[in-house]
Number of protein chains: 2
Amino acid sequence: MTTLYIAPGSCSFAAHVLVRELELPIEVQKVALLAADSPIHRINPLGKVPALEFDDGTVLTENSAILPYLADQKPEARLLGPVGSRERARVQSWLGFLNSELHTSLRPVNRPERFSDDAAHFDAIRAKGRRQVTALFEHIERSAEGLWLTGERFSVADAYLGVFLFWAERGKLLDWASLPKLSALFEAYRARPAVQVARQVEQAS
Amino acid sequence: MTTLYIAPGSCSFAAHVLVRELELPIEVQKVALLAADSPIHRINPLGKVPALEFDDGTVLTENSAILPYLADQKPEARLLGPVGSRERARVQSWLGFLNSELHTSLRPVNRPERFSDDAAHFDAIRAKGRRQVTALFEHIERSAEGLWLTGERFSVADAYLGVFLFWAERGKLLDWASLPKLSALFEAYRARPAVQVARQVEQAS
């Protein structure tokens, strides 16, 4: 059986949501990321989630690969467009933006120690990071094409964006009143049964 | 006609190589990134390349979307696997890794000012960044499955990796003698006619 390795509260939440949305026959297994004896180190030498392990032992990593792969297991759900289409390319473009810009811009905010060995630099690194995160969320607010990122249909890109909206809420990073589209998207995201089930599973001990 | 906007020497080189590899009917247009009057600001509000503008005026951004889109225009060239296949997912995983890990880890090295407003921090940020870049290239060296990233067949992920090998060479970031697989891959990359043509076009004034 295929297994999806997740760490509660991490960016693997998007893949977890897709497994629930699409009711895929995939076992979801929680792992601790920082424990030296965590099974994740056997699965992914980079020690990161999400990781998808197939029954032949091969492993797929990276959200921008796992999320499209999961969506393509049930194309009729249309969480990603048909191959070669611009619809698909637009969703993939959002995945790339969220992955390479938004996710990485949160790193200086949450883990300034990755950017300097001198703790005296951390406040400046965090402050600069927060301004970049704000600018990126404002770009999303301006660019979203409907209730969801690419219009009125929920896509794998929205499943991924939801992770960062939860993080922004938890870290009090955003002035939600100035972001009406993102606020509505977040409300609709939280209302999805798949999101609610995934959260319950991740929060259970 | 579809237009690909590139900036010479930037990460848009990968898309440029694919246009040549696949002999796609796409016009390649060079733009200046930092000039205030550059046409890129009309095409992409984030001011970034690559950007692919279709004849109806819609624009696609992000390498992790553009590179698969280009490959899917000529599936018979097999630069990406069939939709839903693990072969495709593995290439997409490398694209995600290069996009979100390697590319972003080069930022502190090349642009420390993005991480702190205090110039006194830049040396520490650059030094930390260089160590992370080295670790990521070592991970690639260990993980490449053949001459190319996913085996003996050149893929869109290799087209993308080549960009960072050129950057690493230019910035003297790597000890090539300790990276035999990456050295061989880089040599094979530079020998490809499409890479040579793309370089000549980008270097011409």
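Analyst: Contact here means that heavy atoms lie within 4.5 Å of each other. Welcome, and please keep in mind that this is a predicted model.

User: Let's start with E113(B): which residues does E113(B) touch, not counting residues up to four places away in sequence?

Analyst: E113(B) sits in the loop between α4 and α5 of chain B. It counts as partly exposed because its relative accessibility is 36%. Leaving out residues up to four places away in sequence, its contacts are K128(A) and F122(B).

User: How many residues of chain A are in contact with chain B?

Analyst: The contact between E113(B) and K128(A) is one place where the chains meet. On chain B, 44 residues take part, and the number of residues of chain A in contact with them is 44.

User: What rotation superposes chain A on chain B?

Analyst: The superposition has an RMSD of 0.0 Å and a shift along the axis of 0.0 Å. The copies are thus related as by a two-fold rotation axis. They also meet through the same surface, because 100% of the interface residues of chain A are interface residues in chain B too. The rotation asked for is 180 degrees.

User: Which residue of chain A comes closest to the rotation axis?

Analyst: The place to look is the C-alpha distance from the axis. The closest approach in chain A is 2.2 Å, and the residue that makes it is S100(A).

User: Now the inside of chain B: which element gives the largest share of the largest nonpolar core?

Analyst: This core has 62 residues, and those with the most contacts inside it are L70(B), F137(B), I140(B) and L161(B). The elements giving two or more residues to it are β1, α1, α3, α4, α5, α6, α7 and α8 of chain B. The largest share, 11 residues, comes from α6(B).

User: Which residues does L161(B) contact, leaving aside its neighbours within four places in sequence?

Analyst: L161(B) is among the residues with the most contacts inside the 62-residue core. In general, nonpolar side chains in soluble globular proteins tend to be buried together. Beyond its sequence neighbours within four places, L161(B) is in contact with L98(B), L102(B), F137(B), I140(B), L149(B), L182(B) and L185(B).

User: Which residues of helix α8 of chain B are buried?

Analyst: Helix α8(B) covers residues 193-203, and its face turned away from the buried side carries the exposed residues P193(B), Q200(B) and Q203(B). The buried residues pack against β1, α1, β2, α6 and α7 of chain B. Those buried residues are A194(B), V195(B), A198(B) and E202(B). They lie on the same side of α8(B), because the arc that they cover around the axis is only 100 degrees.

User: What is the omega of the peptide bond that joins V49(A) and P50(A)?

Analyst: Most peptide bonds are trans. The bond between V49(A) and P50(A) is cis, and P50(A) lies in the loop between α2 and β3 of chain A. In chain B, the bond from V49(B) to P50(B) is likewise cis, with omega near 0 degrees. For the bond in chain A, omega is about -5 degrees.

User: What is the phi of R78(B)?

Analyst: Most residues other than glycine have a negative phi. R78(B), in the loop between α3 and α4 of chain B, has a positive phi although it is not a glycine. E23(B), in the loop between α1 and β2 of chain B, also has a positive phi, near 50 degrees. For R78(B), phi is about 55 degrees.

User: How many disulfides are there over all chains?

Analyst: C11(A) is buried because its relative accessibility is 9%, and C11(B) is buried at 10%. A disulfide would need a pair of cysteine sulfur atoms within 2.5 Å. A search of the whole structure gives a count of zero.

Notes:
Residues numbered from 1 in each chain as written. Chains lettered and ligands numbered in written order. Predicted model: local features only at pLDDT ≥ 70, side-chain atom pairs only at ≥ 80, totals over all residues. Heavy atoms only, no water. Buried < 20%, exposed > 50% of the residue type's maximum accessible area, 1.4 Å probe, protein only. Helix = DSSP H or I, 4+ residues; strand = E, 2+ residues; numbered from the N terminus. Arc of directions from axis to C-beta. Core = buried A, V, L, I, M, F, W, Y, C linked by side-chain atoms within 4.5 Å. Least-squares fit on C-alpha atoms with pLDDT ≥ 70 in both.
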